[in-house]
Amino acid sequence: MLLEKLSNAFGPSGSEDEVRRLLARAVHDKVDELQTDALGNLIAFKRGTGAEPRMKVMVDAHTDEVGLMITRIEKNGLLGFRALGGVDARLLMAKGVIVGEKRLPGVITAPPIHLTEREQRSKVLKINQLVIDIGASSEDEAKKLVKLGEVATFDTKFEVLDEGGLRTVKGKAFDDRMGCAVAVALAEGEYAVDLYLSFSTQEEVGLRGARVAAYRIEPDLGFALEGTICDDMPKKEDVSPTTELGKGPAISVMDRTFVADQRLVRLLIDQAKANGIPYQFKQPGAGGTDAGAIHLSKAGVPSVAVSVPSRYIHSPVSIASLNDFENTVALMKAALSALPGAWS
Amino acid sequence: MDIVPLVKRLSEANGVSGYEHEVRQIVEEEFGRLADEVRTDALGSVIALKRGDGPEPRPSILIATHMDEIGLIVSELEEGFLHFQQVGGYDDRVLLGQEVLVHGRRTLPGVIGARPPHVLSQEERGKPVPYDKLRIDVGLGPDELPKQVRVGDLVTMKRELIELQGGLLAGKAFDDRVSVAAAMVCLEELGRMRHRWDVYAVATVQEETGLKGAITSTFHLQPDLGIAMDVTFGKQPGTADEYTYEVGKGPTIGCGPNFHPKLQQALMAVAEKLEMSVHLDPLTRPAGTDAAAIQVSREGIPVELISIPVRNMHTPVETVSAKDVERAGRLLAAFIASLDEEFLDSLVWDLGLDDE
């Protein structure tokens with residue numbers, strides 16, 4: 001499964017080569033042209049079958065994942081680090097990681113509970129109090145293996161949790177390898193419009209890849225594909241789950257980075273209804289997507305975001321439903337097939 | 001003996017206190033290769049006997065290493081999610097975002113879910129989540145979950161062995177499976193050495209919940225000496241200098257009221273002979289290892305403790321040096337080989353009457 005390879009691939013923001021190569025291999029024989037740019041975006045162009053001039057549609061998924069950057073090498077060979085993107089300091093203790101160009105296994109240390117005073121245990125250790133142990137016993141030894149600025153990610157392996165039912169899978173980096181896998185599936189289809197699949201870099205550090213990709217593509221419409229927040233655990237208080245697992249693709253109306261174009265929201269709803277595809281709305285308030293950059297490109301691009309709900313994103317391991325994944329592919333195929341006719 | 005695959009096999013086996021069957025099978029198999037006799041006692045501890053060649057009745061020495069591990073237990077099902085309690089003791093803070101195995105009708109991989117930072121309030125971000133607020137997610141819906149998981153099912157950490165640089169290993173349940181591995185190293189070494197005493201190597205159960213296996217197996221075997229092997233604290237950031245020992249610089253030998261001073265001296269002397277670096281590990285309270293139970297079995301037994309320094313104790317990434325594991329086993333084997341018929345006499349307390 002491509003999703004498995006994508007999830008396991010190493011790709012914190014700016015170090016996305018492994019992901020880019022996987023994607024290039026997956027789409028190169030299904031598209032008309034592949035190009036890369038200065039930021040490392042991979043843009044796959046699929047010529048439309050409609051009459052010229054054709055509408056240009058940009059479908060974006062970001063290749064990076066949140067990670068850690070090595071910022072300090074200590075005398076004892078341990079590695080200090082900072083968050084690369086939105087990493088929650090609370091969940092770093094005692095996790096396995098993969099570090100740097102050499103892909104060295106490491107662990108984030110955690111002082112034993114026995115030597116930790118009760119009062120300390122109620123405090124979150126800050127990122128600069130944690131270190132990665134790769135087994136190097138001195139600064140010199142560590143420096144031979146890792147340079148400052150190299151990055152790390154969690155060592156989580158993709159796995160199928162439930163073959164039936166919700167068809168759940170677990171793995172790291174579902175934000176946004178889910179979106180990447182959906183985009184690859186779209187390359188299979190034939191559309192009247194010109195399709196630009198933009199596998200964009202550096203979303204997690206400020207939507208940077210999508211911004212320049214949109215500038216180059218000059219699309220008429222933009223779709224951002226995501227693995228998005230799904231906070232549907234039972235809770236005492238009535239808090240928004242943002243999205244719910246198993247309820248279909250989540251259509252964004254508004255998030256912290258943009259207000260979705262209402263005509264595109266309508267197009268997606270109409271196509272979902274016409275094709276019997278379940279869908280839900282991503283409840284407004286939390287998160288942002290590359291649509292935030294795309295819709296402001298040049299003189300502006302009508303844009304929307306469609307997401308596969310993914311529990312526990314930005315943590316070492318997320319859970320998502322393959323039903324939602326497949327329904328997202330189906331909805332996007334239907335929407336692209338309805339263009340340009342359905343766009344008014 | 002190839003330590004790494006052995007530690008990997010033992011570490012990745014699941015065996016929360018009282019539910020050690022999976023790891024017991026491995027221990028029975030390995031002990032079976034290395035000893036003359038293997039049996040399992042009423043509580044589930046595995047006992048291997050390796051006979052000495054001294055004249056009968058031969059004195060005997062007990063090696064105790066515990067094979068149970070700390071874990072979690074399912075306490076409630078709520079929609080598609082599991083509440084849990086602790087068996088043993090994890091720092092709540094290491095649980096968030098951890099992968100687990102839920103041992104239900106079948107073994108289900110799962111996740112201790114971390115709500116994404118996007119939806120957390122400023123206040124929530126700065127606070128650890130106590131374990132009773134954490135939930136396990138195995139990806140099953142509310143209809144399917146009760147068919148696979150019941151209250152009382154055990155949960156272990158899902159963690160494959162990690163090989164770090166410099167011969168360091170990281171993984172779960174190193175407390176105390178690395179000592180079980182060291183006991184196997186010891187038995188194998190003894191296969192190449194002459195030893196006069198009988199050796200009982202025991203992989204004890206339920207140490208983490210109160211030294212239960214050591215209590216019953218020591219009573220049953222009535223050894224003349226006991227050596228417990230366990231893990232001690234490795235030096236790491238966030239810990240003080242006292243009570244912590246460099247990983248990779250050799251095992252430690254316990255000192256304090258739990259341990260017989262002559263036994264301590266004898267072990268130190270053997271280490272010196274082997275030119276092995278060892279460190280004294282002062283323990284003020286006779287508690288926390290099988291040595292505490294062995295010492296007060298029946299009319300009392302002289303006991304010592306050999307420990308392997310471990311970083312990140314009671315987490316899924318406990319970290320040891322493979323060399324230290326091997327050293328602990330070799331030290332113990334050399335000590336056992338040094339035991340003669342007179343050794344027990346040397347442990348008798350000198351009353352100083354000869355001085356008068």
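These legends describe close-up views of a predicted two-chain model.

Local features need pLDDT of at least 70, side-chain atom pairs count only at pLDDT 80 or more, and totals for chains, interfaces and linings use all residues. Residues are numbered from 1 along each chain as its sequence is written, while chains are lettered from A in the order in which they are written.

**View 1. Overall build of chain B.** Chain B has 11 helices and 17 strands. Helices (H or I, at least four residues) and strands (E, at least two) are DSSP runs, numbered from the N terminus. The C-alpha atoms of chain B fill a box of roughly 80 × 40 × 40 Å along the principal axes. Buried residues make up 56% of chain B. A residue is buried if 20 or more other C-beta atoms lie within 10 Å of its own, exposed if 12 or fewer, and partly exposed in between, with C-beta atoms placed from the backbone. Among contacts in chain B with a separation of 6 or more, 77% link residues 24 or more positions apart. A contact means that the C-beta atoms of two residues, placed from the backbone, lie within 7 Å.

**View 2. Two domains of chain B.** Domain 1 covers 3-69 + 172-346, and domain 2 covers 71-157. These bounds come from an automatic or database domain assignment. The domain centres, taken over C-alpha atoms, are 33 Å apart. Ala, Val, Leu, Ile, Met, Phe, Trp, Tyr, Cys and Pro count as nonpolar, Asp, Glu, Lys and Arg as charged, and the others, Gly among them, as polar.

**View 3. The interface between chains A and B.** Here 53 residues of chain B are in contact with 53 residues of chain A. H3 (92-95), E7 (107-112), E10 (162-163) and E11 (168-171) of chain B each supply at least two residues of the chain B side. H3(B) gives the largest share, three residues. By type, the chain B side has 23 nonpolar, 17 polar and 13 charged residues.

**View 4. The largest nonpolar core.** This core has 223 residues. A nonpolar core is a set of buried Ala, Val, Leu, Ile, Met, Phe, Trp, Tyr and Cys residues joined through C-beta atoms within 7 Å. A:Val182, B:Ile63 and B:Ala181 have the most contacts inside the core. Helix H6 (residues 174-191) of chain B contributes the largest share, 11 residues. Beyond four places in sequence, B:Ile63 touches residues including B:Cys186, B:Tyr200, B:Met229 and B:Leu332.

**View 5. The six-stranded barrel of chain B.** The barrel closes in the order E4-E5-E8-E7-E6-E9, with antiparallel pairing. Two strands pair if DSSP finds at least two bridges between them. E4 (residues 71-78) and E5 of chain B share seven bridges. B:Glu78 is partnered with B:Phe81. Two residues lie between these strands in the hairpin, where B:Glu79 takes a positive phi near 50°. E5 (residues 81-87) is joined to E8 (residues 136-137) by two bridges, with B:Leu82 partnered to B:Ile136. E4(B) also pairs with E9 (residues 154-157) over two bridges. There, B:Leu72 has B:Val155 as its bridge partner.

**View 6. Strand E2 of chain B.** Four of the five residues of E2 (residues 46-50) are buried, so this strand is largely enclosed by the rest of the structure. E1 (residues 37-40) and E2(B) pair antiparallel over four bridges, and B:Arg39 stands opposite B:Ile47. Their hairpin has five residues between the strands, and B:Gly44 in the turn has a positive phi of about 110°. E2(B) also runs antiparallel to E12 (residues 198-204), with five bridges. One bridge pair is B:Ala48 and B:Ala201.

**View 7. Helix H6 of chain A.** Seven of the 10 residues of H6 (residues 208-217) are buried, so the helix is largely enclosed by the rest of the structure. The buried residues include A:Arg208, A:Arg211 and A:Ile217. Their cover includes strands E2 (42-46) and E13 (221-230) and helix H8 (291-294) of chain A. A:Glu218 follows H6(A), with a positive phi near 50°.
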